[in-house]
Amino acid sequence: MLRSSPFFPTTVEDYRKIVDDYDTWLFDCDGVIWKGNTPIQGAAEVSQFLRSRGKRIIFVTNNPTHSRATFKKKFAAMGVEASVDEIFSSAYASAVYISSVMKLPKDKKVYVIGMSGIEEELREQGITTCGGTDPSDNILEPIDNPAHDPSVAAVLCSYDSSINYAKLSKAFQYLTCNPDCAFLCSDEDLTYPVEDGVLFLGTGALTAMMRYSLGREPVNFGKPSRTMFESIIAKHDINPSRTIMIGDRLDADVAFGKNCGVATMLVLSGLASLADVSEVGPIVPDFVTEGLSDFCVLGST
């Protein structure tokens, strides 16, 4: 049952009831399973414990820099069991939407502001791309007249550590010269966390100038958009009333759970702190706990 104020579990009975009440567990990754390349204490043990109790595990991340195949390798390095089908990234959700919902014709392309991970997911769905990691777009020199490819039918903006004026200019030209060109965004996270509490600018921040200049908002595939949830339920038989979303961000993870009608748990092992939790705030989690290691009180019971 969804709550109007957060509950702070403290006893073995509290945690056992949470486990008993939910069959599907949606986990954010950064700040919940790992921080950068460091596993978070208890994540591997708790996920394995839930599997032993017959629970469905699904990992939901707004990080678009890696493909699901690459993420699988990272989970393995963290000691966390995960199949490719259990990993839903904003890059994968973007690719599925473009191929299955937009049904992009085979003779059309997507101009990408992004990295190799999202390009890989697009290729897996049979989508032709340009931009992205193409060396001709990764330049520092100014461009006076961006080349225009009439086959580009969509611009997909994503996190890009090599973002530059050339990419932004080309994307802007495609969107302004062709009114039918779709404006898409893998996610709208303002920050991108790494280790030791360090934050980089996220996709939402990097694409803010594009949204402002165009005077329009893109279709967003990451949390808290329901688009991500719709891609999950298309692959898995999920009962929302028996599903819980666990994350470290109120604006992305908890809001995502609320938008999708599932229970939410905020963990304080990532970006959020106890000071961010308010019973009168715009986003109120159902449960709050320090981290996944708190579930280890259940042991093998």
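## Strand 9 and its neighbours

Leu184 has Val219 in strand 12 as its bridge partner. Strand 9 and strand 12 pair in the parallel sense over two bridges; two strands count as paired if DSSP finds at least two bridges between them. Helices (H or I, at least four residues) and strands (E, at least two) are DSSP runs, numbered from the N terminus. This is a predicted model, in which local features need pLDDT of at least 70, side-chain atom pairs count only at pLDDT 80 or more, and totals for chains, interfaces and linings use all residues. Residues are numbered from 1 along each chain as its sequence is written, and side-chain values use heavy atoms, with hydrogens and water left out.

Strand 8 (residues 152–157) runs parallel to strand 9 and is joined to it by four bridges. Ala154 is partnered there with Ala182 of strand 9. Together with helix 6 (residues 165–177), strands 8 and 9 form a right-handed β-α-β unit; right-handed means that, with the strands pointing away from the viewer, the path from the first strand over the helix to the second runs clockwise.

From strand 9 (residues 182–185), Ala182 and Leu184 point one way, Phe183 and Cys185 the other way, and all are buried. Buried means under 20% relative accessible area, exposed over 50%, and partly exposed in between (1.4 Å probe, protein chains only).

## Helix 9

The buried residues of helix 9 (residues 226–233) are Thr227, Met228, Phe229, Ser231 and Ile232. These residues pack against several elements, including strand 12 (219–220), helix 4 (90–101) and helix 10 (250–260). Contact means heavy atoms within 4.5 Å.
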